[in-house]
Amino acid sequence: MSTEVPLLNVQVDGVWMQFPKGTKLIDACNKAGKFIPHYCYHPKLSIPGNCRMCLIEMGMPKMGPDRKPIMAADGHAEIAWIPRAQISCAQDIVEGMGVRTDSPMVQECRKGVMEFLLINHPLDCPICDQAGECRLQEFSVEYGNAESRFLERKVKKPKNVELGPRVTLDAERCVLCSRCIRFMKEVAHDDVLGFVDRGGFSTIACHPDKTLESNYSLNTVDICPVGALTSTDFRFKMRVWFLKETKTIDVSDGLGCNILIGSREDKIFRITPRENNDVNQFWMPDSHRLAYKAIHSENRLTQPTVDSKPVEWSEAIAVALSSLKAAGSLAMVASARLTNEELYLARHLAKALNITLHDVIPRKGQPDGILIPEDRNPNTAGAKLLGLTGETPGTALPELLDAVRKGTIQGIVCLGEDLTECGFSLEDLAKLKALVTTSTHSNATTKAAHVVLPGTVWAEKRGSMINIHGRLQRLNKAVEPIGHAKDDWEILAALLAGAGSNLSLHSIEDVFRALSQDVAQFNGLNLGKIGDLGIQLLPKAEVATPTA
Amino acid sequence: MAYTVRRPNLTFWEKLYLPNIVAGLAITFKHLRKMLAGETKIVMQYPEEKWDAHLPEYYRGAPTLVMDEHGREKCVSCQLCEFICPPRAIRITPGSVPNDSQFAKAEKAPEAFDIDMARCIYCGLCEEVCPEQAIFLRKDYAVTGESRADMVHHKTKLYELGGTMPDLVHKWNPEK
């Protein structure tokens, strides 16, 4: 930042600390290691201050008759404590202020707020999908009462309401924090949610003529601190405490949202966004969350085949190489959905097979102005950097198609793409003497191919990709590859070894090491150094930035 | 931490060892005499004769699922028993109650509930952890089977063994 932000002195539980001007008191306390329980406050949304959970005891510097703070012996201002609790989320820090986060008054306030919030709670934790990651459960244990004093009849509210195609509402569990309302208004720009009725009967509801069908609707489920909004897709599928959470990135578009994959015993149950303020903030489009369903779909390839007959891997690799050598002049269609490591090996393979004509298939779509960019390939920048494609991806494809039709190219190595997507007809594919393809799912190309090598999908592999902003991000493995499918880098390494390469590759780390020694931008890096949040590898490209 | 076990201080007669052998043999001969005279009956002819009537109330036999008096599956598949089960004998596939069911308020019920009795150690933690009072260890102890698959109790078998248990949890009643 160009201008220096002044630091202000704030006393947190008796200790003087410094925080940059403009920090919210709740964040300052958090930075000081004093967690303030809260429901409605969210760092990326406006502040309504309506849950009252973040109450603290606050004091302002004591002023003398000259309106100057009276200084204590320790050089700091003396603090005049305000005799009633304040909410810390709506308070910016002030020079010389003091805060008590755990005083008897604060404890009593929290207990009272928890009691009010739980008055009408249905106590249906055994069937609630939020159980295990519910702020009501957590704060009730931490700050609440063990027993309810409420003897009256509880207020009944609508349950199991479909707010939209992907979100289910249970109004009885709602604490009316309004996070979902603010999210839909401020981030998704689709203001369909709101409160209806008053007092104890107040309820979240959707606009009567609309439904919650924004492509960002499932984010309301993530930010809902309780079990009021739940994902219809994940509803009653698995309790959250069984899920293994793998930090990885989404590959549905060029942004590469940071995500957590929740899986149990090699079955993926849900995908949730992970905070990364340089990429996707806290959010993620619904369409990308449900992309995991394709992973274990019917048409997944699990067995290497030669002319549609299942064979052993060693045979498939040998046949692939011999048929490519026999075909003579070759071309390669790589994919901008491959990781940097795979693209690096693809480049070596192209060299080993004397392939000069190679490109990737570009994918473009309408950007949505929030998170989804125009480029729908997750690693276009990587494909460019590693030389598999030129400045504009796809420019060599017409030439390639032309050469196939003329017969000057007789063999194609296709890496994870469907050639019919870039203009090839089935007759064109039938003309080829050799068509070797790696693929995860069966498609027109795999049906026409001589050798099909089943690869792994993004949730089954490790590696790195570069997003549209030039940020290097890491993929991690959440589930084991299905059937006999093999990691793409292993397939490429086997092909390379058969083609006479002397690269010694035994793990993905070896591939990255070779890549980092070879390509200047990757110098000194390894998969560990990329970290969970990624690192800026290339200068930040001028692409539409997230508005959130 | 290592500690020393104190040896008992034996008296002279105890150190001699022989008197104890004589005392032991005396008991043996006493039993021999009683047996020959037909005065003892210490064997129960299992399985024709069983001890079942004497099983105490707290006996922990095979875990079972129970229904309430209206025939509602009390289990709502919260999977806490699956979580707590030390030998991981329990496997639940959660499912939902259809909206038109008379028990729709519970919303959730197990689609499949398997207990692998070859794994179960009869510890009773599943019964203790159940927030719905739906799983109980009953008095069935002779669980047999000819294969590992036979040893898995599926949902129907579990309800067959469990039967009904008057409802102790009222929150899923529609009027409540």
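**Domains**

I began with the domain assignment of chain A, which gives domain 1 (7–112), domain 2 (151–294) and domain 3 (305–536), the bounds coming from an automatic or database domain assignment. I noted at once that this is a predicted model, in which local features need pLDDT of at least 70, side-chain atom pairs count only at pLDDT 80 or more, and totals for chains, interfaces and linings use all residues. Residues are numbered from 1 along each chain as its sequence is written, while chains are lettered from A and ligands numbered from 1 in the order in which they are written.

I looked up the spacing in chain A and found the C-alpha centres of domain 1 and domain 3 of chain A 55 Å apart. For chain B I found a division into domain 1 (10–42) and domain 2 (53–162), with the C-alpha centres of these two domains of chain B 49 Å apart.

**Contact of chains A and B**

I then checked the contact, which takes eight residues from chain A and 13 residues from chain B, a contact being counted if the C-beta atoms of two residues, placed from the backbone, lie within 7 Å. On the side of chain A that touches chain B I recorded five nonpolar, one polar and two charged residues; here Ala, Val, Leu, Ile, Met, Phe, Trp, Tyr, Cys and Pro count as nonpolar, Asp, Glu, Lys and Arg as charged, and the others, Gly among them, as polar.

**Helices around α13(A)**

I turned next to helix α7 (residues 313–327) of chain A, which packs with helix α13 (residues 488–498) of chain A at an angle of about 55°, the axes being 10 Å apart. Axes are lines fitted to C-alpha atoms, for helices over the stretch in contact, and angles run from 0 to 180 degrees between N-to-C directions; helices (H or I, at least four residues) and strands (E, at least two) are DSSP runs, numbered from the N terminus. The angle makes α7(A) oblique to α13(A), since angles under 35 degrees count as roughly parallel, over 145 as roughly antiparallel, 65 to 115 as roughly perpendicular and the rest as oblique. I found that Ile317(A), Ala318(A), Ala320(A) and Leu321(A) of α7(A) meet Ala494(A), Leu495(A) and Gly498(A) of α13(A), and by class this contact of α7(A) with α13(A) has six nonpolar, one polar and no charged residues.

**Sheets of chain A**

I looked up an open sheet of three strands in the order β7-β8-β11 (chain A), with antiparallel pairing, where two strands pair if DSSP finds at least two bridges between them. Strand β8 (residues 167–169) of chain A and β11(A) pair over three bridges, and Leu169(A) stands opposite Leu229(A) in β11(A).

I also followed the open three-stranded sheet β12-β13-β14 (chain A), again with antiparallel pairing; β12 (244–249) and β14 of chain A stand at the edges with a single partner strand each, so one side of each is left without a neighbour in the sheet. Strand β13 (residues 258–264) and strand β14 (residues 267–273) of chain A pair over six bridges, with Gly262(A) opposite Arg270(A) in β14(A). In the hairpin of β13(A) and β14(A), which has two residues between the strands, I noted that Glu265(A) takes a positive phi near 45°.
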